[in-house]
Amino acid sequence: MAKLLVLTLLGLGLAFFRDHRSSYLARMNASREVKSVELPNCKLIKGIETGAEDLEILPNGLAFFSAGLRYPGVKSFEPDKPGKILLMDMNEEDPTVLELKMTGSNFDASSFNPHGISTFTDEDNTVYLLVVSHPDFKSTVELFKFQEEEKSLLHLKTIRHELLPNLNDLVAVGREHFYATNDHYFVDQYLRSWELYLGLAWSNVVYYSPDDVRVVASGFDFANGISMSPDRKYVYIAELLAHKIHVYEKHANWTLTPLKSLDCDTLVDNISVDPVTGDLWVGCHPNGMKIFSYDPENPPGSEVLQIQNILAEEPKVTVVYAEDGKVLHGSTVASVYKGKMLVGTVFQKALYCEL
């Protein structure tokens, strides 16, 4: 009788594992092969060799890059080196990147591990850069003041909170005010791996201000990129493993109301919004298994979506760029400025294209 019970439990466990294995592979798009969509005028950006997981372009054409992310379960080519913030002037004929010096008496640059970034420009045109960082694989938001003449970042503050345990990306709505995504519920790495495998959809979005911190949206299967419409009325959230872009209406009290969701046949990562047209530009992973199980002989591909009229009943979704990893390994972000496009990756190179 005891043996029968053991065999029964073992059979149930194997069936449970098999069922979730199928779901896991589907969520990862494990069987998808990339159909190439080439752009004729693209080149790799010199000086970016360890990824540009996120980037943001100011209205004047200055672009910030978050470089050197070390993330559990994802490849890093320089795991023992701190990350950095790079700057590019897209108005230049042949733009290059330079590393911004980071200053501040209470800032530990040696543990800097940048992930998502966002900028906020004050009424006096002071630019603040907010950076998700993972010192010792924890989560903080580092607040910097951009000093353009000195080409440096002055560290002002480190933000930590119990509702911000697994930060991925953020969108600033003030100097110390932002919406941020937590891509997992659990902090423990073992539990995170099961959360990912089982598709528990327990990740969330948090609104943060110095006086008010609260969860404003939840139930995501790996909440990832987050951005906002040019009129600041709508918040866009990428749900990586559900392959969806969600649109939320933002209210005066900072609450969010779900409006619609857009299905995408790809793992959607960071979202950039064209301030002129309102189009969404999304860095995507065609096959997620290749990101989380890196093989240099079969590297992850890259894909960039342009989404026009997302509030319409049938938005126009265009694959602007796609390739199988021969050029870029694992695109995470794309952004445009005056007919030029930047594409960043989680741990490898970055691309500059003239559209």
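Predicted model: local features only at pLDDT ≥ 70, side-chain atom pairs only at ≥ 80, totals over all residues.
Let's start with the largest pocket, which holds about 780 Å³ of space. It has 34 lining residues, and those closest to its centre are Glu 56, Ile 57, Thr 119, Val 273 and Pro 275. Strands do much of the talking here: S2 (54-57), S7 (114-121), S11 (167-172), S15 (223-228), S19 (267-273) and S23 (331-337) are the elements that each give two or more residues to the lining. S7 has the largest share, with five residues. Sort the pocket lining by class and you get 19 nonpolar, nine polar and six charged residues.

Searching the whole structure turns up three cavities of 30 Å³ or more. The largest cavity contains about 170 Å³ of space, and among its 16 lining residues Phe 222, Asn 224, Asp 269, His 285 and Val 346 sit closest to the centre. S19 shows up again, this time alongside helix H3 (289-292), as an element giving two or more residues to this lining. Nine of the cavity's lining residues are nonpolar, five polar and two charged.

The second largest cavity has a volume of about 70 Å³. Its lining includes Thr 50, Phe 77, Lys 81 and Phe 347, and by class it has five nonpolar, four polar and three charged residues.

Finally, have a look at His 243, in the loop between strands S16 (234-239) and S17 (244-250). His 243 counts as buried because its relative accessibility is 11%, under the 20% cut-off. A polar atom of its side chain lies 2.7 Å from the backbone oxygen of Arg 27. Beyond its sequence neighbours within four places, His 243 is in contact with residues including Ala 26, Asn 29, Leu 262 and Val 268.

Key:
Residues numbered from 1 in each chain as written. Heavy atoms only, no water. 1 Å grid on protein atoms, 1.4 Å probe; cavity = no way out; pocket = protein on both sides within 12 Å on 5 of 7 lines; lining within 4 Å. Points joined across faces, edges and corners; volume = space filled by probe spheres on them. Helix = DSSP H or I, 4+ residues; strand = E, 2+ residues; numbered from the N terminus. Nonpolar A, V, L, I, M, F, W, Y, C, P; charged D, E, K, R; others polar. Buried < 20%, exposed > 50% of the residue type's maximum accessible area, 1.4 Å probe, protein only. Polar contact = N/O pair within 3.5 Å; in protein donor to acceptor, adjacent residues only side chain to side chain. Contact = heavy atoms within 4.5 Å.
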